[in-house]
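User: I am new to reading protein models and would like to learn how to look at one, feature by feature. Could you take me through this one?

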There are 2 protein chains.
Amino acid sequence: MILSKTCIYGILATLHLATKKDKEYLPISQIAKELDISFHFLTKILQKLTQQEIMSSYRGPNGGIALARPKEEIKLMDIVVAIDGSEIFEQCLLKLPGCGKLKPCPLHDEWGLIRKQIQEMLNQTSVASVAEKIVKNSLRLADVNPLEL
Amino acid sequence: MILSKTCIYGILATLHLATKKDKEYLPISQIAKELDISFHFLTKILQKLTQQEIMSSYRGPNGGIALARPKEEIKLMDIVVAIDGSEIFEQCLLKLPGCGKLKPCPLHDEWGLIRKQIQEMLNQTSVASVAEKIVKNSLRLADVNPLEL
DNA sequence: CAGTTTTAAGACTCTTTTGTCTTAAATTAG
DNA sequence: CTAATTTAAGACAAAAGAGTCTTAAAACTG
Ligand code: FES
Ligand code: FES
């Protein structure tokens, strides 16, 4: 819910990249393996992110994918908008057309408040800050075997 | 997003009913017409709500659907859980299995906060209070022609 | 240049969600 | 009892989302 699977995979890959050394191209095949995502599917998703210049890619040996901008400057919101679009933040909770003050649905105020918070959270959270947290607390980006904990 | 179309239609129908006189059966065909939802689809959805005893139904002439309990006692949450289940409120934003403190993902805290607010909003909002608001401010439950405003 | 590695592009398939349609069962009215 | 009205149940179809696979193009290696 909220985020499409495509978008989630995009976020996971971005975060994964951000925990690695900067400026180095990482092959998609390796990312896919480490995150347990289908290689071909991930390729298609990352294509979208390179087209939107969030990532940059390089073909051939030692090629792969890298973040196109400093990770401090990439917000989660950028990835979400690049993949799922910004409609999520404009849409009525009840999916009635034309959400807005002009013709609000009965839950418009309540939903507006929550929607705004989601928006702020994604806008404020940089890929760098999440990556730092991941490294510091060894958090997961994929399913983990409980025995590993 | 967040709510399935099925769930939204369930909410719309419930709210619509709540704006009408209590204890009277309203034919599904009429609700479907007023909310501009496919009659057969709505029938199927409302079946689920009657099975969960949120609504009660009666067949034959002058039959239809009515709220099974006082509308003050029905919360939006009841409808959501009846149709979409409670998994939404337990699920990881990144759809990783086993969301919880034991093996949190890097967005667990941020998402937990928002998820809790959605939960509280749905839990606190009774069908009666929304219905009252609809009547008082003549709010819409379906698409409306802007010219009508 | 030939062969290998890697992304790009797009056709194709599978699954889930959404929506339609048909038939059956209950209830009422005459 | 018969005909009309209404929900119940479930098969079926269409659309969207998720995922697979094949072929092409770019870049490097020797
Ligand atoms: S009109 Fe429904 S949330 Fe704005
Ligand atoms: S583990 Fe991701 S939100 Fe809880």
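Analyst: In one of them B:Lys133 pairs with A:Glu110, whose closest N and O atoms lie 3.1 Å apart. Please keep in mind that this is a predicted model, in which local features need pLDDT of at least 70 and side-chain atom pairs count only at pLDDT 80 or more, while totals for chains, interfaces and linings use all residues. Residues are numbered from 1 along each chain as its sequence is written, chains are lettered from A and ligands numbered from 1 in the order in which they are written, and side-chain values use heavy atoms, with hydrogens and water left out.

User: Which helices of chain A supply at least two residues each to the side that touches chain B?

Analyst: Helices (H or I, at least four residues) and strands (E, at least two) are DSSP runs, numbered from the N terminus. Helix 1, helix 5 (108-124) and helix 6 (127-137) of chain A each supply at least two residues to that side, and helix 5 gives the most, with seven residues. Sorted by class, the side of chain A that touches chain B holds 30 nonpolar, three polar and eight charged residues, where Ala, Val, Leu, Ile, Met, Phe, Trp, Tyr, Cys and Pro count as nonpolar, Asp, Glu, Lys and Arg as charged, and the others, Gly among them, as polar.

User: How many residues are in contact across the two chains, and what area is buried between them?

Analyst: With contact meaning heavy atoms within 4.5 Å, 41 residues of chain A are in contact with 41 residues of chain B. Buried area is the accessible area (1.4 Å probe) that two parts lose on being put together, summed over both; between chain A and chain B it is about 4000 Å², of which carbon and sulfur atoms give 71%. In chain A, the residues that lose the most area to chain B are A:Met1, A:Pro106 and A:Arg140, together 20% of what that side buries.

User: Which residues of helix 3 of chain A are buried?

Analyst: A residue is buried under 20% relative accessible area, exposed over 50% and partly exposed in between (1.4 Å probe, protein chains only). An α-helix has 3.6 residues a turn, so residues three or four places apart point the same way. In helix 3 of chain A, the buried residues are A:Leu42, A:Thr43, A:Ile45, A:Leu46, A:Leu49 and A:Thr50, and their cover includes helix 1 (5-18), helix 2 (28-35), strand 1 (55-58), strand 2 (64-67) and helix 4 (76-84) of chain A.

User: In chain B, is B:Thr14 buried or exposed?

Analyst: B:Thr14, found in helix 1 (residues 5-18) of chain B, counts as buried because its relative accessibility is 0%. Leaving aside neighbours within four places in sequence, B:Thr14 is in contact with B:Leu49, B:Met55, B:Leu67, B:Ile79 and B:Val127.

User: Where is B:Asp36 found, and is it buried or exposed?

Analyst: B:Asp36 is found in the loop between helix 2 (28-35) and helix 3 (39-51) of chain B, and B:Asp36 counts as exposed because its relative accessibility is 65%. Although B:Asp36 is not a glycine, it has a positive phi of about 60°.

Conventions
A salt bridge is a side-chain nitrogen of Lys or Arg within 4 Å of a carboxyl oxygen of Asp or Glu.
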